[in-house]
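User: I'm new to this kind of model and would like to learn how to read it. Could you walk me through it step by step?

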Protein chains: 2
Amino acid sequence: MRAPYGLNILDNCLTCPSRADHLFCNLSAHAGQRLNEIKSTAVYPKGAMLFIEGQQPRGVFVLCTGKVKLSTTSREGKTIITKISDTGDVLGLNAVISSRPYEVTAEMMEPGQANFIPREPLLQFLKDHVEVALRVAQQLSRNYFTAYEEIRTLGLAASPSEKFAKLLLSWSTRTPQNDGSAQLKLTLTHEEIGEIIGTTRETVSRLFSEFRRKQLVQLKGATLVIRSRPALEEIVQS
Amino acid sequence: MRAPYGLNILDNCLTCPSRADHLFCNLSAHAGQRLNEIKSTAVYPKGAMLFIEGQQPRGVFVLCTGKVKLSTTSREGKTIITKISDTGDVLGLNAVISSRPYEVTAEMMEPGQANFIPREPLLQFLKDHVEVALRVAQQLSRNYFTAYEEIRTLGLAASPSEKFAKLLLSWSTRTPQNDGSAQLKLTLTHEEIGEIIGTTRETVSRLFSEFRRKQLVQLKGATLVIRSRPALEEIVQS
DNA sequence: ACAGCTAAGTGATGCAGGTCACACACTGCT
DNA sequence: AGCAGTGTGTGACCTGCATCACTTAGCTGT
């Protein structure tokens, strides 16, 4: 099967210069060559669905550029976002390895490029290159850990404020300043934030107001300034 | 390191006659032999902790008999039970493969027997027997799927009643009758059920009352009769 | 510049479920 | 028997959040 929504193929991004620790990087010359033969690269527009929850697994996607929203929806239409993936992430691996339907929907949040590796050739590749199978196992168990983090957040955090503080903290770790503050671009809508922490759009709005009032965060345009990580950590464990 | 709480060693239960699909069954003669050398068997009393959340992984446990409660606790003391494991389950696999701390606490709910396979020999074993590594990957992705089920339940189910109905349904699938009813032994306390579905003991009590009033379930002693699976399914999707 | 759309802020209301408090049932122990 | 310990059933109360219903802000194309 071909990758859907295929547009222009740009270049070989399997080399991932930035993140050499990733699944399909630093392979033996032979394995790398083989992988190059079975992968296909494509560019996807914003809103494109790489795969949809419940579909039979066609293959995995290695994200080169862009952000991807992973979400799952209940029959009644309630949606939760389980992860925002970015460069280097491998999507759909669990479904392919276990031959079960994709457990989430993967949607491009901005235009981006991804390599598609079809299911059958990938499974064959793993049989031929068993040294990669162990790395796959490690990637899977990393995925498992982040899933468990999610379970802890959803199951143990009492209030929406706590989950919200936790989310802000997880964001601020990427741009930490020495004084405990952090600054980042806010790319999600309140609606989407609500779907991450399991609450409504209105509550997220009110949480922002509250946190601003308490001087925990500051907001100018799309730039969010987290003024004090310690204060947020206080809320999380409260 | 030796398995803690070791008592009498009974017999070799790696053969798991009942569940040939499991991780360490149906191995090649050579691999099976090797595994036998590195495993050690022990009997654990009720309440014994096989491992505790946050500990560095010592190895995996293959459960031969007994039930094990897997749980995680927040700093404030709130606990959620993520899974009740029984015969054949492999515990601690993710932590060992990814070399991260155990993500849950594993406690014996009744006396039982388990094989312990220490970390280092196991990792070496996987390097030597790469055909097993793929099966490990599959086991990990199965674990991932059940974790995702958990996320869906915690994140998408609106009310405690919904989660409770879902739990009853998951129990009743093991003893299905042709008329849509099912019968099972209730081994958990209301407190524990609350920790599974993320609510309080009192609410579980009230849910039992309510479901009994609505003729959904019937309770005599420790025997729980589920009178109509369809009616429960109704509640779940509502 | 204006309509049209999506996102964000905010008030009013209602109720589900957490918390507290207490009574009762069952078990094993001495 | 009698008591302690653990599990269960229920009532009363109260709060935090979902829901509904608007308004306001910001952006996009014509």
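This is a predicted model: local features need pLDDT of at least 70, side-chain atom pairs count only at pLDDT 80 or more; totals for chains, interfaces and linings use all residues.

User: Which element gives the largest share of the surface near DNA strand D?

Analyst: Here we trace residues back to their helices. H7(B) provides the largest share, five residues. H7 of chain A and helix H6 (190-197) of chain B also supply at least two residues each. By class, this surface has eight polar, four charged and two nonpolar residues.

User: How many residues surround DNA strand C, and which are the closest?

Analyst: DNA strand C is surrounded by 15 residues, with A:Thr189, A:His190, A:Ser205, B:Ser159 and B:Thr203 the closest. H7(A) gives the most to this surface, five residues. Among the other elements with at least two residues there is helix H5 (160-172) of chain B. The classes here are nine polar, four charged and two nonpolar.

User: How many residues does each chain bring to the contact between A and B?

Analyst: For a contact between chains, count each side separately. Chain A brings 34 residues and chain B brings 35. On the chain A side, helix H4 (130-156), strand E5 (79-85) and helix H2 (93-98) each supply at least two residues. H4(A) gives the most, with 20 residues. That side divides into 16 nonpolar, eleven polar and seven charged residues.

Notes. Residues are numbered from 1 along each chain as its sequence is written. Chains are lettered from A and ligands numbered from 1 in the order in which they are written. A residue is near a molecule or strand if its C-beta atom, placed from the backbone, lies within 6 Å of it. Helices (H or I, at least four residues) and strands (E, at least two) are DSSP runs, numbered from the N terminus. Ala, Val, Leu, Ile, Met, Phe, Trp, Tyr, Cys and Pro count as nonpolar, Asp, Glu, Lys and Arg as charged, and the others, Gly among them, as polar. Two residues are in contact if their C-beta atoms, placed from the backbone, lie within 7 Å.
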